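Work through the exercises below with the structure open. Each task is followed by a solution in steps.

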Amino acid sequence: MRRALLLLALIAGCQDAPPAPTAAPSPPAPAAPAVEDGSLDPDTGLIRAPGWALVAANCSGCHSLKLVTQNRGDRDHWIHLIRWMQATQNLWPIAPEVEEPLVAYLATHYGPKETGRRPPLDVRALPPPPPLAPDAAPVQRAQAALGPVKQGLKAALVGALQAHGPVGAIDTCRTQAPALSKGPDGVQVGRVSHRLRNPQNALAPWQETLYAELQRAPGTPYLTRQLPGDRVGYLEPIRTAGMCLTCHGEQLADPVRAALSAAYPADRATGFHEGDLRGAFWAIVPAR
């Protein structure tokens, strides 16, 4: 009897014992000193320079490092992305002594791309523009009509990215872009692409030849075509910027991919690289 009571007491004590505490997750750290010779690391695709091992350790936990190498931005851009991932994607806190060299590496080796070999000219030093050619008026009307459209779309997208991240921006594009793509009276405006996300943005017959020319000649600023009814069609390229790769690049985060699949089941507007022709703004304006 005494043995039985002792056994029961031991069992009860085991059942009441609290579980052993578990250690809080902590950010990973490089296991050994990293090579920093400026070469390209074959496993990560990162440039081996001071700070690259910190990026590899902290930025590969939930997505491919191609999302890093495909993006471009200055220091503020990278800090904003880190804060967004910490707020919405469960990225762990990064100590200041780690974050500082990490951000410096990203801004140095994955900063904004140069747009040319020479710095831009000071517009104040340029001569006054020549008088408009007789056929320049339709181009001016088209560009004036598209200006507010482009500004409105960009403002809505940047605001959604800052407030809700890429997933929220996808919903903003889907719901607000059609309403923002409206021109003044007598002018039609819109967007088209050869790889569609929204089926309503398919190329019209008059746009196909012009769009093919934009693909062949990347530096073309715009193209026009005379249309029936004394009207002019205008097409202006949309080039893929670094921030576009979050939703249009080759490597997409899983939440972004899921949101795109839900909003656009037949989506084909991914796989782009920075600088690629992603689409075009178009306008139809009176010729006179």
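**Exercise 1. Contacts and burial**

Task: In this predicted model, find what share of the contacts between residues at least 6 apart in sequence joins residues at least 24 apart, and what share of the residues is buried.

Solution. 
- Step 1. Take the contacts in the chain between residues at least 6 apart in sequence; 65% of them join residues at least 24 apart.
- Step 2. Count a residue as buried if its relative accessible area is under 20%. Of the 288 residues in the chain, 34% are buried.

**Exercise 2. Elements and sheet order**

Task: State how many helices and strands the chain has, and in which order the strands lie in the sheet.

Solution. 
- Step 1. The chain has nine helices and four strands, arranged along the sequence as α-α-α-α-α-α-β-α-β-β-α-α-β.
- Step 2. The four strands make an open sheet with the order 1-4-3-2 and antiparallel pairing.
- Step 3. From one strand to the next, the twist averages 20°.

**Exercise 3. Strand 4 and its surroundings**

Task: Identify the bridge partner of Val189 in strand 4 and the helix that packs on the sheet.

Solution. 
- Step 1. Strand 4 (residues 277–286) runs antiparallel to strand 1, and five bridges join the two.
- Step 2. Val189 has Ala283 as its bridge partner in strand 4.
- Step 3. Helix 7 (residues 205–216) packs on the sheet and touches strand 1, strand 2, strand 3 (231–239) and strand 4. The direction of helix 7 makes about 135° with that of strand 4.

Terms used. Residues numbered from 1 in each chain as written. Predicted model: local features only at pLDDT ≥ 70, side-chain atom pairs only at ≥ 80, totals over all residues. Heavy atoms only, no water. Buried < 20%, exposed > 50% of the residue type's maximum accessible area, 1.4 Å probe, protein only. Contact = heavy atoms within 4.5 Å. Pairing = 2+ DSSP bridges. Axes fitted to C-alpha atoms, helices over the stretch in contact; angles between N-to-C directions.
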